[in-house]
Amino acid sequence: MKRTWGVQLACLAVTAFFGIPLYLIALAAFASRESLDRFPLPLLPTEVSAETITTFLGSTGVVGGYLNSLMVGLSTVVLALLIGVPAGYALARYAFRGRDPYQLFLLLTRALPIVVLSVPLARIFLQTGLYDTTYAVTLLHTALALPTTVLITSAVFVGVPREHEEAAQVFGASPLRAFARVVLPQALPGIAAVAMFTFVLSWNEVLGATILTLNQRTLPAHVLTTLSDSPLAYRFAGGLALVLPAILFVAVMRRYLLNMWGTTLR
């Protein structure tokens, strides 16, 4: 009984840790200018106003930034899964020379600062005509997401019993059909969790998108470059606009959340 109460209290504490800042940002974004300048700021909505958030959403570049962020995020998810899922399956099912150093190399790629990758990529994209396009940002975000995609999907496939796949092949299924009909459905929750992580990573990445684009910037890059000298109210509105899509995506994918070892969170 005490353990159950302890788990519940821990869950409430984690929820409060993440929820209270979101609530305060939303409170400030929908507060009137006058109430936002008061001190101390009331913790309950007293003068609700949509003027600030409406003005922000109607500003130049915001809608385009939203569309660019969605396009880049979804394209990054598709590319990362198309490349990372087969690689993760190969790591989980086959023993080959250099498998362990390869996994270590994947982790080392995330140790590089993003600016180390962005500057050489900007030069390459300038030479190839991809600079200032969503394709350039998509390629960068895919490179950033691939290491975790490969390693997490590898752990997910390890949790799928090999005997299920072998039984399907005994009954006449080809290796590809056994993977598609037996292994993939069992690994789908974990793959969905990887997709969620990849989308959030792409949505929140700002430095690379700022360096690689000028007119086709994602929403975080647009907010970073335009709201640095803006009034405080618009900064809160921009923060809320950045957070909400990622929260909605996580809410949609929450039923597929999977931990690292393949146990469904219920």
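User: Where is leucine 44 found, and is leucine 44 buried or exposed?

Analyst: Helices (H or I, at least four residues) and strands (E, at least two) are DSSP runs, numbered from the N terminus. Leucine 44 lies in the loop between helix H2 (33–36) and helix H3 (51–57). Buried means under 20% relative accessible area, exposed over 50%, and partly exposed in between (1.4 Å probe, protein chains only). Leucine 44 counts as exposed because its relative accessibility is 62%.

User: On what basis are such values given?

Analyst: The model is predicted: local features need pLDDT of at least 70, side-chain atom pairs count only at pLDDT 80 or more, and totals for chains, interfaces and linings use all residues. Residues are numbered from 1 along each chain as its sequence is written, and side-chain values use heavy atoms, with hydrogens and water left out.

User: Which residues form a nonpolar patch on the surface?

Analyst: Patches are made of residues with over 30% relative accessible area and no salt bridge; nonpolar side chains (Val, Leu, Ile, Met, Phe, Trp, Tyr) are joined within 5 Å, like charges within 9 Å. Here the patch consists of Ile20, Tyr23, Leu24, Leu43 and Leu44, with about 510 Å² of accessible area together (Shrake-Rupley method, 1.4 Å probe; for residues, only the protein chains shown count as cover).

User: How many helices and strands are there in the chain, and what share of its residues count as buried?

Analyst: The chain has 12 helices and 0 strands. Of its 266 residues, 38% count as buried.

User: How many salt bridges are counted, and which side chains meet?

Analyst: Side chains of opposite charge can pair when their charged atoms come close. A salt bridge is a side-chain nitrogen of Lys or Arg within 4 Å of a carboxyl oxygen of Asp or Glu. The count is 1 salt bridge, and the side chains of glutamate 165 and arginine 93 meet in a salt bridge at 3.0 Å, N to O. This pair links distant parts of the chain, 72 residues apart: glutamate 165 is in helix H8 (residues 162–170) and arginine 93 in helix H4 (residues 62–93). Glutamate 165 and arginine 93 are both buried.

User: Where is tyrosine 131 found?

Analyst: Tyrosine 131 sits in the loop between helix H6 (114–128) and helix H7 (134–158). With a relative accessible area of 22%, tyrosine 131 is partly exposed. Tyrosine 131 and isoleucine 211 are 80 residues apart in sequence and 9.5 Å apart in space, C-alpha to C-alpha.
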